[in-house]
Amino acid sequence: MAGARVPLDEQQVTEPDSQGRARTLPALHPDRKEDRCFVPYKTPPVECSPAGVEEFLEHARFITEDLEWLLSLPHDKFWCQVVFDESLQGCLDSYLRHAPRGLDLLALPSSPAVADVQRAIHRAIFLVFLRMATHKESKESFLTPAVFGEIIYNNFLFDVPKMMDLCVLFGKGNSQLLHKMIENVFTQQPAYYSDLDETVPTVLQVFDTILEKCGLQCEGSMEPKKLNAHKQPTALTMSQQDLVDIILYLCDSTTTIHAFLDIFPAACTSFHSHGFLSRLTVFYETAVSDLEKAVKKRNYDDKTLQEELWKRLSHSCRKMVETAHLLLHHACLQPLLEGRENMQAFAEELLQYFTSFLPEKRFLTDYDELFPISDDISLLQQALPIIDETRTSYLLQGVESARDSLGRWKSPIHKPAS
Amino acid sequence: MSPPRLTGALRSFSSVSKTDQPPEELYDLKAKRLKRQELFAKEGLTWQKIVRFCTELQDKGEQQATNQELKSLLMAAKNIVGSEHGQEAIESAAAFLFEMFHNKDHVGTEESRAIKQMFGPFPSSAAEASCACVTRLVAPLDDSRVEDFIRTQKSLHNPQQGSVFGRNIAFCYDCYTLDPLDDLQSSGVFDESEQLMNFLNNQQSG
């Protein structure tokens, strides 16, 4: 039908085959893919050897050239390429896995030429993912939303780790676009919510692994140890390289989780359903002091390493506290601010969370410094004047006492309104 | 090697990612160069067309000199791609060199980079020789005619390129940076003696 707007997944095209004979085939068909041979991304060289730089540059230029070619393809050819070209998926995936993050120990490219080409790849990769997350480019170029959802899911164009990588790599400064992308991916393919649900226990396992590596008992593994079991190294006694790895791992994990939840707050529900918040606070309380002591007390040949490790550990602390606040905000504070139905239940949940923080003195104190609990309680009192004063006073005294026990700076307690 | 990452663990230990990843070393630089040469050969600018274009409006005497230059260009191309390649690859390389040098009078950094990207390491004398040949080949021809010829040949075989997606999207290159709660010197981490002092002070004041 002339002028009809047909989704790409329903279009047919007539093209010459290899012998030049006309044939009709679906617009989305493997035979329409170009044999382009995308190369995988490799990290910039750490040392500035001319050969290493030259090899990186050559590699990187192939990638930018190919991605720019891909972005210039018309809608139908673009989708044939992303769905059927494994080398393209390998290239995109390798970038997400290996691209330097701003928090890596050696994050800065070593030469201006490397920095330039790295920036070009960075932008092109983002635009390719943006295009892959867009089911409707124009009135003429679009996919049926349900088919789009199937295509991206069945071909692993997106998966939860990839979306987390996207957030941590591009979230700073592109958060609105990223939010739209990820929201659209989850909306058109709700199976990603099940995947997310499946992923959270592995995220929790990462924290347990860190505790285990530091020789700290983790919650849920309360089995008595055999008397003749080998003594587990601690943060203080493990090798320096192990400590570096643990702190980098913690820094990356906390930053990634925070970036993902910040950009896509709907994911907070899955994290909540796995009791993430209480596990995070227990982890904080158990691990942070030990790791801090280890960073401070060990002997370093290179003092800048100690400074770098400290910064990353302290940054991780901030990210864990901010993540806890994000989760609380999403679960309790936002519904209260929006005046949703059943406000009493949200207030009760918030108070319960705060009460559960009381034994975690270090976490509570750091949380309160960044997000004063008295402010949230004051907000509660405004939203629900009937809130139990004895309970809120007890909570605020608990915060004060936690601070005292750590010898931290004392702030005046916000007295509950009488 | 990349540092340990959360998403690396998620890829390995949760079942939400593709398991059969293609090996990353599948396409090395050599294979990629060959593919690029192959793609260039399909782009439309062929050696035969260049020969015809350079000789079509010339009398017999001029043609002889032009043929000599074309032969020299092929020889330079052979030195660049390597003698193990067949005539087709050499002609394709010569077409590439003609396209690149048709409006240049010397081998600059960009040209060297482009040749290396296409064919790998090459003798610089061959690049100089090919540039000189092309300069002599196009010298008697009108500049705009040469440009038109190259543009037409390429666009004939590349009709499907559209406008670049995302050209107008404002992209921010910022990345997350460290935002520590406190620095090492002013950190509130006490060693045991400090904790003991704190405990004693609390006892006294209590």
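How many aromatic pairs does a search of the whole structure find over all chains? The search finds 29. Rings of Phe, Tyr and Trp (its six-membered ring) pair if their centres lie within 6.5 Å; planes under 30 degrees apart are stacked, over 60 edge-to-face, and the rest tilted.

In the pair Phe207(A) and Phe276(A), the ring planes stand at 65° and the centres are 6.1 Å apart, so the pair is edge-to-face. Distant parts of the chain are linked by this pair: Phe207(A) belongs to helix H7 (residues 191–213) of chain A and Phe276(A) to helix H10 (residues 276–297) of chain A, 69 residues apart. Both Phe207(A) and Phe276(A) are buried.

The model is predicted; local features need pLDDT of at least 70, side-chain atom pairs count only at pLDDT 80 or more, and totals for chains, interfaces and linings use all residues. Residues are numbered from 1 along each chain as its sequence is written, chains are lettered from A and ligands numbered from 1 in the order in which they are written, and side-chain values use heavy atoms, leaving out hydrogens and water.

Phe354(A) and Phe357(A) also pair edge-to-face, with 6.1 Å between centres and 65° between planes. Both lie in helix H12 (residues 343–357) of chain A, three residues apart, about one turn of the helix. Helices (H or I, at least four residues) are DSSP runs, numbered from the N terminus. Phe354(A) and Phe357(A) are both buried, that is, under 20% relative accessible area (1.4 Å probe, protein chains only).

One aromatic cluster consists of Tyr153(A), Phe186(A), Tyr192(A), Tyr193(A), Phe260(A) and Phe264(A).

Methods
Helix = DSSP H or I, 4+ residues; strand = E, 2+ residues; numbered from the N terminus. Buried < 20%, exposed > 50% of the residue type's maximum accessible area, 1.4 Å probe, protein only.
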